[in-house]
Amino acid sequence: MKPTITIEYCPKCGWMLRAAYMAQELLTTFIDDINGVLLKPAGIAGVYTISVNEDVLYDRKERGGFPEIKELKQLVRDKVNPEKNLGHSDKNA
C-alpha cells in the first residue's frame, strides 16, 4: 500500500503557501510512489511537520528552521522510495 504524506502547518504563521508548494513538489516528484499529500492546519502556533503515514520526517520546531526544498524531498525519498533519483538536486546523483 502506498503511503500518504501529511504536511501539518501553522496557518497563523502564514505557512499555508509554503505547505501547498511543498505538496505540489512532492506530488510531482513521487506521483507513482505515494497515495497523495494531505495538508493539515495545526491548532498550535509554529508547527510545520512532514510525515509519511505516522512517521515524522521533519519537524521545524526540532530542526530550528526550514531547509531547502531539495533536502525535504530527499528525506521523503529516503522513506518512500530510496532508489528514486531526484536528478540534479539529488545529493546521491
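**Figure 1. Contacts across the chain.** Of the contacts (heavy atoms within 4.5 Å) between residues at least 6 apart in sequence, 60% join residues at least 24 apart. This is a predicted model, in which local features need pLDDT of at least 70, side-chain atom pairs count only at pLDDT 80 or more, and totals for chains, interfaces and linings use all residues. Residues are numbered from 1 along each chain as its sequence is written, and side-chain values use heavy atoms, with hydrogens and water left out.

**Figure 2. The overall fold.** Three helices and four strands make up the chain's elements, and along the sequence they come in the order β-α-β-β-β-α-α. Helices (H or I, at least four residues) and strands (E, at least two) are DSSP runs, numbered from the N terminus. The C-alpha atoms fill a box of roughly 35 × 25 × 20 Å along the principal axes. Buried residues, meaning those under 20% relative accessible area (1.4 Å probe, protein chains only), account for 41% of the 93 residues.

Figure 3. How far apart are the end C-alpha atoms of helix α3? They are 16 Å apart, which agrees with the 16 Å that twelve residues (69-80) should span at 1.5 Å a residue; the expected span is 1.5 Å times one less than the number of residues. Leu-72, Lys-73, Gln-74, Val-76, Arg-77 and Val-80 are the buried residues here. As a group, the buried residues of α3 pack against strand β1 (4-9), helix α1 (16-29), and strands β3 (48-52) and β4 (55-59).

Figure 4. Look for Tyr-48 in strand β3. Is Tyr-48 buried or exposed? Tyr-48 counts as buried because its relative accessibility is 1%. Glu-8 is 40 residues away along the chain, yet its C-alpha atom and that of Tyr-48 are separated by 5.4 Å. Leaving aside residues up to four places away in sequence, Tyr-48 touches several partners, including Ile-7, Glu-8, Tyr-9, Trp-15, Met-22, Tyr-58 and Phe-66.

**Figure 5. Ser-51, also in strand β3.** Strand β3 holds Ser-51 too, and this residue is buried, with a relative accessible area of 9%. Which residues does Ser-51 touch, not counting those up to four places away in sequence? They are Thr-4, Ile-5, Thr-6, Val-56 and Leu-57.

Technical notes. Buried means under 20% relative accessible area, exposed over 50%, partly exposed in between (1.4 Å probe, protein chains only).
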